[in-house]
Amino acid sequence: MTHSPLDEVRTRYAAERARRVRDDRDAQYGYLDDAPDPWNEPVERAPLTDVVDVAVVGAGLSGLTTAATLKKEGVERVRLIDRAGDVGGTWYWNRYPAAQCDVESYVYLPLLDEMGYVPTEKYAYQGEILAYLQSVARRFDLYRDACFHTGVEDAAWDEAEQLWVVETDRGDRFRAHFLVLSGGFLQRPKLPAIPGLSEFQGTMFHSSRWDYAYTGGGPGRDGGGLPGLRDKRVGVIGTGASGLQIVTPLAKAAEHLVVFQRTPSTVLPRNNRPTDPEWASSLRPGWHRERVEFFEQWTNGRFDQPDVIADGWTEVYAPVAVRHGAGLAGGPQEQEQAELADLAAMDRVRQRIAETVRDPDTAAALMPYYPMLCKRVGFHDDYLDAFNRPNVTLVDTRGAGVEKVTANAVIAEGREYELDLLILATGFDTVRGYLRSWGFDVVGRAGLRLSEHWRDGMRTMHGVTVRHFPNLFLVAALTQNAITVNYGAHAGVMAEHISYVVGEARSRGHAVVEASEQAEAAWVDMVASTASERQTEFLRSCTPGYYNNEGNLESRTRQGSARLGGGSVAYHEILRGWRSAGTLSGLDCS
Ligand code: NDP
């Protein structure tokens, strides 16, 4: 029998996975459902009882883009509602030092053409992103009707009035002709259920609720130097995309930094650079749409033109994804070639670690052993180098995670690490499903709850509209649609689609549009029939993480949050084709 170079790595990957699979799966986490807002005080206001054209629940990237596009198309009263104190979603909450977009800003940020704005850097930092999103809200006059620090508690369809009635925790009871649910995907902070965590007497916060009063400094690329940490022992639990970005400023600021790692991330070079003013001034109307579409084409494996974007994702991820896709679609030979390509890419990732990190044991501990697409890839130019500093300790828990927390220390690998500050970069809820995460259950026709309609799995048409829930639109990540790593593109496509349907309904004099029984059933079938068994197999074999529901794919399938097979470009083509037919087919209109 011939020996394949894959034999050894397959064994290693399987062993690494095996030590991370846990019986408690999502029970290993708790959720910060009512975390206070560190950035803004709620403003007193009278309860709202008016009628608006569209209520948009969630003022992050997707809700804001949808609301702005609706306004652009002439819809007069659009109300953004959010628990946060402003627009921005992720970029409102996550103000940890050096928070930065991991997708090129020129394709990630919405409406750049309309706004006449070009980000100042290829990978913008949080401050610039939030300021830009606020400027979008101002430009489209969205603050006028917005309500912030407001949680929706109930949204019910009023059959007699043919309106949505929205009730909130601020005593509002307003009505809306259309309802958009854009409550976000990675929004509720997730905490590890580590024994003793709540007994920690030092300062502790989640990465998305940074306490600058304690650390000193402020949001920005180095966190303003975090002067409050000069004499502090700081611990970070979590080395995902947030942990990666936080470590560098903390390493520079803290007296001592201890990084508790459960699974190493794949860390690729960042190569950020300022925007070339000549390039910016050469951009012609339409540039943004073209660039966004180009990114989608590339990350879907359609390489007809040279890579003009040269983003970390298009340079590294796309070719791997394509080979991976070829392996998923092809026979055993293609599958083996795909695995070999992935192995070569991961070997380069491990090589970079070996070349950067001086201590060989620390370098070995930082090396990821799983296929590249098992977890979201990270990008950073200084993360690895931080472990060369004498004041930084890596505690590799080899998949086990932190054991215990005491009043003044974290215990891991049998050792006690005394700390003044503990930062939890442990991610966000992805497993409880949208309904739990939104915090309310929409009530459609005849008192039907969305949770009841979706009891045996999600049901939508196009991933956007739902039978029995008239004039309701979803803008979410995993609702039987297809997205790439660029959520900005998804938000833009959804905004355009929803604005089209709302615009057509209004101009054709329809008070109600609703997915027909047949159209919804056909879409559910399409999602099921295009879902790749091999993709499911691949994710099942992956190291646990939020991509595979902490190694519990079956329950995700039950939630029905499957993606449409064929990728985002095919999905966008379906939506575009449907719109250009101009018949609103599959929608019952009255
Ligand atoms: P993740 O869920 O990606 O990472 C959580 C981290 O916490 C993992 O390293 C996890 O380890 C670790 N962890 C969880 N429980 C324990 C425990 N008990 N002991 C030790 N470690 C533990 O969350 P992030 O906030 O980093 O990122 C979430 C997503 O948000 C990203 O994937 C990305 O989509 C987005 N994001 C984007 C950014 C950008 O654009 N720049 C920046 C930040 C986030 P393990 O891997 O073993 O589960």
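The centres of domain 1 and domain 2, taken over C-alpha atoms, lie 31 Å apart. This is a predicted model, in which local features need pLDDT of at least 70 and side-chain atom pairs count only at pLDDT 80 or more, while totals for chains, interfaces and linings use all residues. Residues are numbered from 1 along each chain as its sequence is written, and side-chain values use heavy atoms, with hydrogens and water left out. Here is a short tour by topic.

**Domains**

- The assignment for the protein chain gives domain 1 as 6-29 + 191-270 + 334-424, and domain 2 as 51-188 + 430-589; such bounds come from an automatic or database domain assignment.
- Across the two, 35 residues of domain 1 are in contact with 30 residues of domain 2, where contact means heavy atoms within 4.5 Å.

**Nonpolar cores**

- The largest nonpolar core holds 161 residues, and L179, W210 and L250 touch the most other members. A core here is a set of buried Ala, Val, Leu, Ile, Met, Phe, Trp, Tyr and Cys residues joined through side-chain atoms within 4.5 Å.
- Helix α17 (residues 487-507) supplies the largest share of this core, with 10 residues. Helices (H or I, at least four residues) and strands (E, at least two) are DSSP runs, numbered from the N terminus.
- Both domain 1 and domain 2 contribute at least three residues each to this core.
- A second, separate core has 16 residues, including L191, L197, V395 and L424.

**Strand β2 and its partners**

- Strand β2 (residues 51-57) is mostly covered, with 6 of its 7 residues buried. Buried means under 20% relative accessible area, exposed over 50%, and partly exposed in between (1.4 Å probe, protein chains only).
- β2 pairs in the parallel sense with strand β6 (residues 173-181) over 6 bridges, and V57 has L181 as its bridge partner in β6. Two strands pair if DSSP finds at least two bridges between them.
- β2 also runs parallel to strand β3 (residues 78-81), joined by 4 bridges, with V56 opposite L80 in β3.

**A three-stranded open sheet**

- The order of this open sheet of 3 strands is β14-β15-β16, and the pairing is antiparallel.
- Its edge strands, β14 (404-405) and β16 (415-418), each pair on one side only.
- Strand β15 (residues 409-412) is joined to β16 by 4 bridges; V410 has Y417 as its bridge partner in β16.

**Ligand surroundings**

- The ligand is surrounded by 26 residues, and the closest are Q100, S242, T263, K375 and Y546. To count as near, a residue needs a heavy atom within 4 Å.
- A ligand oxygen atom is 2.8 Å from a polar backbone atom of D102.
- An N or O atom in the side chain of R262 is 2.9 Å from an oxygen atom of the ligand.
- For A425, a backbone N or O atom lies 3.5 Å from a ligand oxygen atom.

**R270**

- R270 sits in the loop between β11 (267-268) and α9 (277-282).
- Is R270 buried or exposed? R270 counts as buried because its relative accessibility is 6%.
- Not counting residues up to four places away in sequence, R270 touches Q100, C101, D102, Y123, D311, G312, F379, H380 and D381.
- R270 and D381 are 111 residues apart along the chain, yet their C-alpha atoms are separated by 5.5 Å.
- The R270 side chain reaches the backbone oxygen of D102 at 3.4 Å.

Notes: A polar contact is a pair of N or O atoms within 3.5 Å; within protein, one must be able to donate a hydrogen and the other to accept it, and residues adjacent in sequence count only if both atoms are side-chain atoms.
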